[in-house]
Amino acid sequence: MPSDAPSALLFDLGGVVIDIDTERMLRHWMPHSRLSIGEMRQRLHMDEPFRQHERGELDAASYMAHLAASFELEADADTVAVGWNAILVDEISSTLDLIERLRERVPCYAFSNTSAIHRDVWSSRFPRVTTMFQRLFLSFELGLRKPERAAFDAVASAIGVTPESILFFDDTEENVDGARAAGFDTVHVQTPRDVHAALVARG
């Protein structure tokens, strides 16, 4: 590899390796709520219970109850969970194919803000995601989530190379900014083509 090529590649999952769609979740919940789809969209935000759930501080049952209250759902926990998991659409095959070709040349890792309930679904439905990476760094296991500086520091330490030599891909600008502040080389992914273009540019 060229001398300036990254020593490790680090990929977000949702939006980079797994296609996600929050509208699928809302459509599933609509029959169980008095809210309109527009009102439900207005209530979509990353609140503190969401962050606690992704750090493993709030269990699935408690978070499903929080979602039911937030979206005024008259539904049991299983129905709420099915909607919550409906955001996971499919693997992004073109990106996984690229990672499969690259991982023999450079170590590939994943770093995702996720929860145990989501992990159970994507690991079952998209098994390539679980086997493609040298290690999966999952927020609910780390007890840390992006864009926290401590999360990026912990991941770089575990990989064992300098942050500057890690090329990080994420679809959320806030996470990209956090990684850049921690010293990572970063790519804001808006389409799968952005992943390919960044890798070509860096040799």
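Cys-108, Ala-110 and Ser-112 point one way from strand E4, Tyr-109 and Phe-111 point the other way, and all are buried. Buried means under 20% relative accessible area, against over 50% for exposed and in between for partly exposed (1.4 Å probe, protein chains only). Strands (E, at least two residues) and helices (H or I, at least four) are DSSP runs, numbered from the N terminus. The model is predicted: local features need pLDDT of at least 70, side-chain atom pairs count only at pLDDT 80 or more, and totals for chains, interfaces and linings use all residues. Residues are numbered from 1 along each chain as its sequence is written, and side-chain values use heavy atoms, with hydrogens and water left out.

E4 spans residues 108-112 and is mostly covered, with five of its five residues buried. Two strands pair if DSSP finds at least two bridges between them. E1 (residues 8-11) and E4 run parallel and are joined by three bridges. Here Leu-9 has Cys-108 of E4 as its bridge partner. E4 also runs parallel to E5 (residues 135-138), through four bridges. Arg-135 of E5 is the bridge partner of Tyr-109.

Thr-186 lies in strand E7 (residues 185-188). Its relative accessible area is 11%, so Thr-186 is buried. The Thr-186 side chain makes a polar contact with the side chain of Arg-180 at 3.1 Å. A polar contact is a pair of N or O atoms within 3.5 Å; within protein, one must be able to donate a hydrogen and the other to accept it, and residues adjacent in sequence count only if both atoms are side-chain atoms. Leaving aside neighbours within four places in sequence, Thr-186 is in contact (heavy atoms within 4.5 Å) with Leu-167, Phe-168, Val-176, Ala-179, Arg-180 and Arg-202.
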